[in-house]
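Me: I want to learn how labels get attached to residues. Can we go through some cases, one by one?

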Amino acid sequence: MNTNVKSSLLLLTLLALALPVVAQQARTYDLQQLLKERKFQVYLPNPYPITDARNQKQGISLTGVAWITGEEFSTGTIEVDLKGYDVFQMSFIGVAFHGVDTTTYDLVYFRPFNFRAEDPVRKIHAVQYVSHPDYTWHRLREEQNGLYEKAVTPAPVATDWFHARIDVGGTDVKVYVDNATTPSLVVKKLNTRKTGRIGLWNDGVSGMFANLKITRQ
């Protein structure tokens, strides 16, 4: 094999190895800075900054949905630290993606009050995927019970911070908690949208968010 051919093969090999790295674009977001710069589009009371010195967390607290202005998300990984409350039916916290507006979006959210519930039925309702407006949690539970909501493993303390990683593919969604190697939830997407807005979501008692990182593919 001559030198030119060897050089060409080496170049092609290096390019092939580099492509997956180039394709993935990771960005970490300073949520408090975004708040200062008014980079959230909100429809309920404005978010406010929070500092949890004991757990070394700086982030924001909010109720409702807060879209990040100018940000689109298609496929990749969303990572964030979240903190809810141990208040029955009053703490729902998660991430919205592939959003069109306040009524049309995909959502992965958690019910912290169910993380370590003694009732086995409540325990398997800890993490949920929905696709609004067509596939609400109520419809999915009625028609496909146990498929789009599962227990969280490992189960955090309801009032502690926990880390969520949401892998969004072309047709499926996987959710990992606290750096687990096995997903707590694996589902097929319930719509054909490929991209859209991304934001933080909370319903009920104000939830807390920190350390948002998005890796786009």
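Reply: Start with a pair in this predicted model. The side chains of Lys-57 and Asp-81 meet in a salt bridge, with N and O 2.7 Å apart.

Me: Why is the contact between Lys-57 and Asp-81 called a salt bridge?

Reply: The cut-off is a Lys or Arg nitrogen within 4 Å of an Asp or Glu carboxyl oxygen. The N to O value here is 2.7 Å, so the pair qualifies.

Me: What does the pair Lys-57 and Asp-81 tie together?

Reply: Lys-57 sits in strand 4 and Asp-81 in strand 5, so the bridge ties together parts 24 residues apart in sequence. Both residues are buried.

Me: What makes Arg-165 partly exposed?

Reply: Arg-165 has 26%, so that is its class. Arg-165 forms a salt bridge with Asp-167. Asp-167 has 17%, which is under 20%, so Asp-167 is buried.

Me: How do you know that the side chains of Arg-27 and Glu-71 make a polar contact?

Reply: The limit for such N or O pairs is 3.5 Å. The contact is 2.8 Å, so it passes. Arg-27, Glu-71 and Arg-216 are also linked in a network of salt bridges.

Technical notes:
Residues numbered from 1 in each chain as written. Predicted model: local features only at pLDDT ≥ 70, side-chain atom pairs only at ≥ 80, totals over all residues. Heavy atoms only, no water. Polar contact = N/O pair within 3.5 Å; in protein donor to acceptor, adjacent residues only side chain to side chain. Helix = DSSP H or I, 4+ residues; strand = E, 2+ residues; numbered from the N terminus. Buried < 20%, exposed > 50% of the residue type's maximum accessible area, 1.4 Å probe, protein only.
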